Amino acid sequence: MDDGTAQRNRRVGVMGGTFDPIHHGHLVAASEVAGLFQLDEVIFVPTGEPWQKSGRKVSPAEDRYLMTVIATASNPRFSVSRVDIDRPGQTYTVDTLRDLRDASGAGTELFFITGADALAQIFSWRNAGELFELAHFIGCTRPGHTLSDPGFPDGGVSLVEVPALAISSTDIRRRQNDGEPVWYLVPDGVVQYISKRGLYRGAT
Ligand code: ATP
Ligand code: MG
């Protein structure tokens with residue numbers, strides 16, 4: 001048994017997302033991966049603005065950041081980083097990982113947690129080759145999404161099946177706009193924040 005004296009790298013998960021809004025699918029995925037990979041911390045990183053996602057106007061970064069803080073506040077191993085929202089221009093994962101590596105210093109291993117949908121497009125990401133040197137990639141499969149391996153480097157990617165949570169931010173925005181409940185799909189504080197700020201009115 002480990003007596004705690006052995007040197008061990010700090011293992012840090014990085015969960016990037018638009019988080020418009022953050023929901024229990026994101027939180028369960030992070031928690032599940034943290035358990036399986038013995039992560040010391042998971043850093044949630046909301047993407048920057050301005051940019052369009054599927055032709056839709058994304059909510060202000062500050063709202064998405066605050067909802068992410070509210071959702072993660074009760075978990076001592078979860079934190080939120082502003083690196084992407086404070087960096088001007090479109091978010092590229094390579095910049096996120098470089099910034100977090102520079103901030104965390106030597107002796108930290110990064111694990112980038114992403115949905116299988118996003119992982120499937122990995123070779124279209126900027127500096128795809130460097131990405132695998134910066135972090136180990138963990139793809140979470142979720143209902144309705146499967147992953148075909150486009151030729152990932154050996155050992156660079158792990159796939160994890162997270163408990164089936166058919167929750168998406170798209171559905172939450174639609175529900176909010178249509179007056180349907182969003183309770184229990186997102187943390188209570190996020191339900192209240194959405195309503196207080198009047199988010200997703202007229203969302204499509
Ligand atoms: P949208 O519907 O607007 O695309 P989303 O629900 O996919 O939003 P994102 O902010 O795009 O949320 O997701 C951030 C990351 O979390 C992505 O890598 C995505 O694949 C993953 N993810 C989203 N929903 C789930 C879920 N229910 N279970 C596991 N992973 C998820
Ligand atoms: Mg998505």
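Reply: A residue is called buried here if its relative accessible area is under 20%, and exposed if that value is over 50%. The model is a predicted one, and by this criterion 47% of the 204 residues in the protein chain are buried. The accessible surface of the chain amounts to about 10,500 Å², and carbon and sulfur atoms account for 49% of that area. The secondary structure consists of 8 helices and 8 strands. If one takes the contacts between residues at least 6 apart in sequence, 70% of them join residues that are at least 24 apart.

The part to examine closely is the pair formed by α2 and α8. Two packed helices are described by the angle between their axes together with the distance between those axes. Helix α2 covers residues 61-72 and helix α8 covers residues 188-197, and their axes come within 9 Å while crossing at roughly 155°. Since angles over 145 degrees count as roughly antiparallel, α2 and α8 are therefore roughly antiparallel to each other. The crossing in which α2 passes α8 is right-handed.

On the α2 side, the residues that take part in the contact are Glu62, Asp63, Leu66, Met67, Ile70 and Ala71, and they meet Gly189, Val190, Tyr193, Ile194 and Arg197 of α8. Sorted by class, this contact comprises 7 nonpolar residues, 1 polar residue and 3 charged residues.

Two further residues can be set beside this pair. Phe44 lies in strand β2, which spans residues 41-46, and it counts as buried because its relative accessibility is 0%. Apart from neighbours within four places in sequence, the contacts of Phe44 include Thr68 and Thr72, and α2 runs over residues 61-72; among the other partners of Phe44 are Met15, Phe19, Ile22, His26, Leu27, Ala30, Phe78 and Val80. Between Phe44 and Gly17, which are 27 residues apart in sequence, the C-alpha to C-alpha distance is 7.7 Å.

Gln7, by contrast, is exposed, since its relative accessible area is 79%, and it is located in the segment that precedes β1 (10-17). Although Gln7 and Gly107 are 100 residues apart along the chain, their C-alpha atoms are separated by 9.5 Å.

Definitions and conventions:
Residues are numbered from 1 along each chain as its sequence is written. Chains are lettered from A and ligands numbered from 1 in the order in which they are written. This is a predicted model: local features need pLDDT of at least 70, side-chain atom pairs count only at pLDDT 80 or more; totals for chains, interfaces and linings use all residues. Side-chain values use heavy atoms; hydrogens and water are left out. Helices (H or I, at least four residues) and strands (E, at least two) are DSSP runs, numbered from the N terminus. Buried means under 20% relative accessible area, exposed over 50%, partly exposed in between (1.4 Å probe, protein chains only). Contact means heavy atoms within 4.5 Å. Accessible areas come from the Shrake-Rupley method with a 1.4 Å probe; for residues, only the protein chains shown count as cover. Axes are lines fitted to C-alpha atoms, for helices over the stretch in contact, and angles run from 0 to 180 degrees between N-to-C directions. Angles under 35 degrees count as roughly parallel, over 145 as roughly antiparallel, 65 to 115 as roughly perpendicular and the rest as oblique. A crossing is left-handed if the near helix is turned anticlockwise from the far one by less than a right angle, and right-handed if clockwise. Ala, Val, Leu, Ile, Met, Phe, Trp, Tyr, Cys and Pro count as nonpolar, Asp, Glu, Lys and Arg as charged, and the others, Gly among them, as polar.
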